[in-house]
Amino acid sequence: MSKLLRHPWTTAATAVAGAGALALGYATLIERNAFTLRTQTMEVLAPGSATLRVLHISDLHMMPNQKLKQDWIRELDRLEPDLVINTGDNLAHPKAVPAVVQALGGLLARPGLFIFGSNDYFGPLPKNPLKYFDKNHKRVAGEPLPWKDLRAAFNERGWLDTTHNRRELRVGGVRISAAGVDDPHLKRDRYDTIAGPANPEADLRIALTHAPEPSILDKFAADGYDLALAGHTHGGQLCLPLYGALVTNCGIDRSRVKGPSRWGAHMRLHVSAGLGTSPYAPARFLCPPEATLLTLVPVKSDTVRTLETKGVSRFEAGVR
Ligand SMILES: [Fe+2]
């Protein structure tokens, strides 16, 4: 049959299939490996504090053979961050611990805080992507992963595990009080183990949770934390032009799926879109894998005045 006689619907279907194949090829071969450093300034420190540069990494989902990703992560040490925060989902294979530790390299010699996510405890499984649209879908755990080995390696290098721990540290002249919960996505969070007002003497009160579930964020906000850091969402992973993420895979709304936002009158939230994907869903579209260099600066006095006129106390506004 000549091209001139081809039915218009056949031509349209061929064009759609071709565009789909191109998009899939781009998402799996190109964007999934287009590692990106995002930079962000956030006003969260007590007035008069020194600036603090925090590298936020998350959701590495590392496989032993992912050399491109490992090389890119290794280079992040050249940023010379004051503090590294890792919000979990490091592993995608039972033999990936050495690859994670070697990729983090020099970053492990810097001050660091971490918590774990579901993909530190259990390996990935094939999953119907449509299940992400059903918030109540039954979750099935994969094979156990060597998270204790990973924790031992992080601890050995000096990173602090904030899983159900409250930690006090001083970095670059900034007094930091930090606390975290185990992964709410697996219902392993036990907020009562860290509950209570965050240290009012600190210049920065940091909260860590792998999945940014609203019920946990509300508790951190009520206890006076300044900044909550989370991962888990992968920024939606597959996004649409002019619409963004289709799902967050947790209770937060799509507008907070990645990047900075407010959570209540005082607390700020930063969600990392992460650096990896499940090996069973190896695609990203309009949502490149990322690490974020957060430059934390003092709250401006105008911001404090605005909050105070809205009835937010000086303690809640981060001013002591
Ligand atoms: Fe993840």
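Okay, let's start with a loop: the one between helix 2 and strand 3 (83-86), which is where Glu80 sits. Keep in mind that this is a predicted model. For background, most residues other than glycine have a negative phi. And is Glu80 buried or exposed? Exposed, with 10 other C-beta atoms within 10 Å.

Now hold that thought, and look at Asp59. Asp59 also isn't a glycine, and its phi is positive too, about 50 degrees. You'll find Asp59 in the loop between strand 2 (52-57) and helix 2. But Asp59 is buried, with 29 other C-beta atoms within 10 Å, whereas Glu80 is exposed.

So, on to helix 2 itself, residues 67-75. Which residues are buried there? Lys69, Gln70 and Ile73. If you look down the axis of helix 2, those buried residues fall within an arc of 100 degrees, so they line one face of the helix. A quick reminder here: an α-helix has 3.6 residues a turn, so residues three or four places apart point the same way. Over on the other side of helix 2 you have Lys67, Leu68 and Asp71, and those are exposed.

What covers the buried residues of helix 2? Helix 3 is included in that cover. Helix 3 runs over residues 97-104, and its axis comes within 10 Å of the axis of helix 5, residues 147-156, with a crossing of roughly 25 degrees. That's under 35 degrees, so helix 3 and helix 5 count as roughly parallel to each other. The crossing is right-handed. Helix 3 brings Val97, Val100 and Val101 to the contact, and helix 5 brings Asp149, Leu150 and Ala153. By type, the residues in this contact are 5 nonpolar, no polar and 1 charged.

Last stop, Gly276. This glycine is in the loop between strand 13 (267-271) and strand 14 (290-298). Gly276 is buried, with 24 other C-beta atoms within 10 Å. And what does Gly276 touch, leaving out residues up to four places away in sequence? Asp59, Leu60, His61, Met62, Lys69, Ala92 and Pro289. As for Pro289, Gly276 is 13 residues from it in sequence, and their C-alpha atoms are 6.3 Å apart in space.

Notes: Residues numbered from 1 in each chain as written. Predicted model: local features only at pLDDT ≥ 70, side-chain atom pairs only at ≥ 80, totals over all residues. Axes fitted to C-alpha atoms, helices over the stretch in contact; angles between N-to-C directions. Helix = DSSP H or I, 4+ residues; strand = E, 2+ residues; numbered from the N terminus. Parallel < 35°, antiparallel > 145°, perpendicular 65-115°, else oblique. Left-handed = near helix turned anticlockwise from the far one by under 90°. Contact = placed C-beta atoms within 7 Å. Nonpolar A, V, L, I, M, F, W, Y, C, P; charged D, E, K, R; others polar. Buried ≥ 20, exposed ≤ 12 C-beta atoms within 10 Å, placed from the backbone. Arc of directions from axis to C-beta.
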